[in-house]
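Please read them alongside the coordinates.

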Amino acid sequence: MNAFLADAQAFLPVLLMGLLVTLELTVCALSLSLALGVVWVVLGRARFAPWRWLSQTVITVVRGIPIIVQLFFIYFVLPDWGLDLPPFLAGVIGLGLAYSVYQAENLRGGIGAVDRGLIEAGDALGMNRFTLWRRVILPLGLRHALPSIGNTMVMLLKDTSIASTITIAELTREGQLLAISTFKNGSVYALIALLYLTASLPLGALVRLLERKGRLA
Amino acid sequence: MITLAGVTKRFGERAVLKGVDLAVARGEVLCLIGGSGSGKSTILRCINGLERHDEGEIHVGGTRVDAAGLQAVRRRVAMVFQRFNLFPHRTVLENVIEAPVHVHGEAPAEARARALDLLARVDMADHAHSLPGALSGGQQQRVGIARALALRPEAILFDEPTSALDPERVGEVLRVMRELAEEGMTMLIVTHEIGFAREVADRVAFVDQGVIAEQGAAAEVLTHPREARTAQFLARVLQKG
């Protein structure tokens, strides 16, 4: 135990730097995934059929390819086509895109739960499609989707570890480097596991807070 | 003000409206009565385009109800719903200013002042900052009426405004509607409140199986119906009441 504490003291500064990158990656990819998720849902409900096909195709393709392969594609293949992205940006785009299809699914469920009468009320008040989405459908759909979005958020936090494969110095990569150089696999991976777990706990609290704030009575 | 000529509407195989002719004059209060499934709510919903009618013509103040005229029509007629349909994530005041500010671009301060006046009129000013979920049905429906009035409509469509209310809450909503009628608002009301119709309506139209089976002065239709089916319906409803 004393050995572990000594290791912790030695490794934590580096690992915490990695955790910071992990959190930055999570926040950026989460924002992108939600924004893109909204796009897929809006396109998926468009009147113009090709928009719906586009949305469906993106969701099917992205969902069917492993995240790690998507990241490799963005980081290693796009440069061949002249698009050379820095690792962090490539990670945000890859994870954001991969997770956007799950967010789209979450949002679709939430939007499906919006009372039809409220949409009619917006129509009757003369709202155009854009105003209706902005003022009624999205705010209410997001509230309904919040629990599943929270769940997806925790999954995303953990899956940022995949970005270690494209040289982003996040928690898992910093840990791997430590483990390789010190051979203290047990201490390092135990610390990494604890840090991911610790980081995931406030997310649950955050979702509960948002749910309480968004309560409708 | 509102005219329907030969309006039909089908839902799949089922013909709901089979040629409706109806006219509501400016300042008139017209009550639509009839059994459930007779098509009376569908008539309202076709007027402001919540349902698209199949054949026939609907005009509101000279504007034809079609894809091109819909926005203009929705500016002129407001709607009050059976289940209130207040936006649950916005306060009472926000519900009332929603359309003026976010649809018609009215200045928020001005809209707010006007909304507070309207809320005072329906006796809900004290609840301006409550969420709808905290209010009784009668209170919500009065807010629904204030929200409709905030559009400065030329006519208001009421779709069974008291049907979802507890019996002791019906009176407060009918009182507000009576005041509107006295002020000369054009109102088209789908209702089961025969007493209210007799007292407030200028005319009553009885809807049966997708057509207007009988219409005329309220007292006339409700007291001495010409059609046997009107008489049957009234007997059934009044017996229940």
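1. Is A:Ser200 buried, partly exposed or exposed? The model is a predicted one, and in it A:Ser200 has a relative accessibility of 14%. The cut-off for buried is under 20% relative accessible area, so A:Ser200 counts as buried. The residue sits in helix 8 of chain A. Once neighbours within four places in sequence are set aside, A:Ser200 is in contact with A:Val154 and A:Leu157.

2. The largest nonpolar core comprises 111 residues. Those with the most contacts inside this core are B:Ile2, B:Leu32, B:Ile43, B:Leu119 and B:Ile145. For B:Leu119, residues up to four places away in sequence are not counted, and the list of residues it touches is then B:Val92, B:Leu93, B:Val96, B:Met124, B:Ala125, B:Ala128, B:Val143 and B:Ala146. Another core, of 38 residues, lies apart from the largest one; A:Ile74, A:Met153, A:Ile166 and A:Ile192 are among its members. As a general background, nonpolar side chains in soluble globular proteins tend to be buried together.

3. A nonpolar patch is found on the surface, formed by A:Val61, A:Ile65, A:Ile68, A:Val69, A:Phe72 and A:Phe76. Together these residues have about 460 Å² of accessible area. Helix 3 of chain A, residues 67-77, supplies the largest share of the patch, with 4 residues. A:Val69 belongs to helix 3 of chain A. Its relative accessibility is 38%, so A:Val69 counts as partly exposed.

4. Which backbone feature stands out at A:Phe183? A:Phe183 is not a glycine, yet its phi is positive, at about 60°. Most residues other than glycine have a negative phi. A:Phe183 is located in the loop between helix 7 (171-182) and helix 8 (185-213) of chain A. Helix 8 is also the element that holds A:Ser200. With a relative accessibility of 71%, A:Phe183 counts as exposed.

5. Chain B has a positive phi to check as well: B:Gln209, not a glycine, has a value of about 50°. B:Gln209 is placed in the loop between strand 9 (203-208) and strand 10 (211-217) of chain B. B:Gln209 counts as exposed because its relative accessibility is 54%, and the cut-off for exposed is over 50%.

Terms used. Residues are numbered from 1 along each chain as its sequence is written. Chains are lettered from A and ligands numbered from 1 in the order in which they are written. This is a predicted model: local features need pLDDT of at least 70, side-chain atom pairs count only at pLDDT 80 or more; totals for chains, interfaces and linings use all residues. Side-chain values use heavy atoms; hydrogens and water are left out. Patches are made of residues with over 30% relative accessible area and no salt bridge: like charges are joined within 9 Å, nonpolar side chains (Val, Leu, Ile, Met, Phe, Trp, Tyr) within 5 Å. Accessible areas come from the Shrake-Rupley method with a 1.4 Å probe; for residues, only the protein chains shown count as cover. A salt bridge is a side-chain nitrogen of Lys or Arg within 4 Å of a carboxyl oxygen of Asp or Glu. Helices (H or I, at least four residues) and strands (E, at least two) are DSSP runs, numbered from the N terminus. Buried means under 20% relative accessible area, exposed over 50%, partly exposed in between (1.4 Å probe, protein chains only). A nonpolar core is a set of buried Ala, Val, Leu, Ile, Met, Phe, Trp, Tyr and Cys residues joined through side-chain atoms within 4.5 Å. Contact means heavy atoms within 4.5 Å.
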